[in-house]
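Open the model in your viewer and keep the selection tool handy. We will hop from one stop to the next, picking out residues and elements as we go.

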Amino acid sequence: MEAAKARFQAGRELLQQQQGGITAEVMMDILRNKESGICMDSGGFRTTASMVSILPQDPTQPCIHFLTATPDPSRSVFKPFIFGAGTAQAPQVLSPTFGAQDPIRTVPRFQTQVDRRHTLYCEHQKALGLMDREQNQGQQLRQKQRDLEQEGLEAARGLLAGEWAPPPQELGGLFQAFVERESQAYA
């Protein structure tokens, strides 16, 4: 419980340092902050995924959510997601299902374990291993992640500024498109 209180206090301090200048990028940086304990990847706990939302005051503008769908936001891509008419599921981030053989459905329950990691999660874990083992390749991959994330932020800015007005299907498929590009970066 003390660790949770310390994380809360650290988050509050990081937000206060940015008072009046909080942007999606600032929030992403805060969620990536390991020194404060907000981004956890050790001690038996791991940040499983992170989300930052842009919630415009103008009700005619869409809310834009940036999701990692992967652990360790310090080494993940925040990808744009917009709820709407054309929103499609991204199969790469759906956890596998096991039907009637799922340990949650069999009696006695939870006697076996299954791997519920989705495809992007598995690809990301391999990429993290590469980042740890191969410094040059790891830096190149990290740069690809940052470039992709920057594209998502620019798309959000363009959408909110009225500079980009895609049809609903394209808007609904935005997250899927970014997931696919992230997967390609890890291939």
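Start by selecting Leu55, which sits in the loop between strand 1 and strand 2; strands here are DSSP runs of E of at least two residues, helices are runs of H or I of at least four, and both are numbered from the N terminus. Before going further, note that this is a predicted model, in which local features need pLDDT of at least 70 and side-chain atom pairs count only at pLDDT 80 or more, while totals for chains, interfaces and linings use all residues. Residues are numbered from 1 along each chain as its sequence is written, and side-chain values use heavy atoms, with hydrogens and water left out.

Is Leu55 buried or exposed? It counts as exposed, because its relative accessibility is 57% (buried is under 20% relative accessible area, exposed over 50%, partly exposed in between, with a 1.4 Å probe and protein chains only). The C-alpha atoms of Leu55 and His65 are 8.4 Å apart, although ten residues separate the two along the chain.

Zoom in on strand 1 and strand 2 (residues 64-67), which are joined by four bridges in the antiparallel sense. Here Met51 stands opposite Leu67.

Axes are lines fitted to C-alpha atoms, for helices over the stretch in contact, and angles run from 0 to 180 degrees between N-to-C directions.

For the cysteine stop, select Cys39 and Cys122. Cys39 is buried, at 3% relative accessible area, whereas Cys122 is partly exposed at 25%.

Finish with helix 4 (residues 135-160) and helix 6 (residues 174-186), which pack at about 170 degrees with axes 10 Å apart. They are therefore roughly antiparallel (angles under 35 degrees are roughly parallel, over 145 roughly antiparallel, 65 to 115 roughly perpendicular and the rest oblique). Residues making the contact include Leu148 of helix 4 and Phe178 of helix 6.

Note on methods:
Pairing = 2+ DSSP bridges. Contact = heavy atoms within 4.5 Å.
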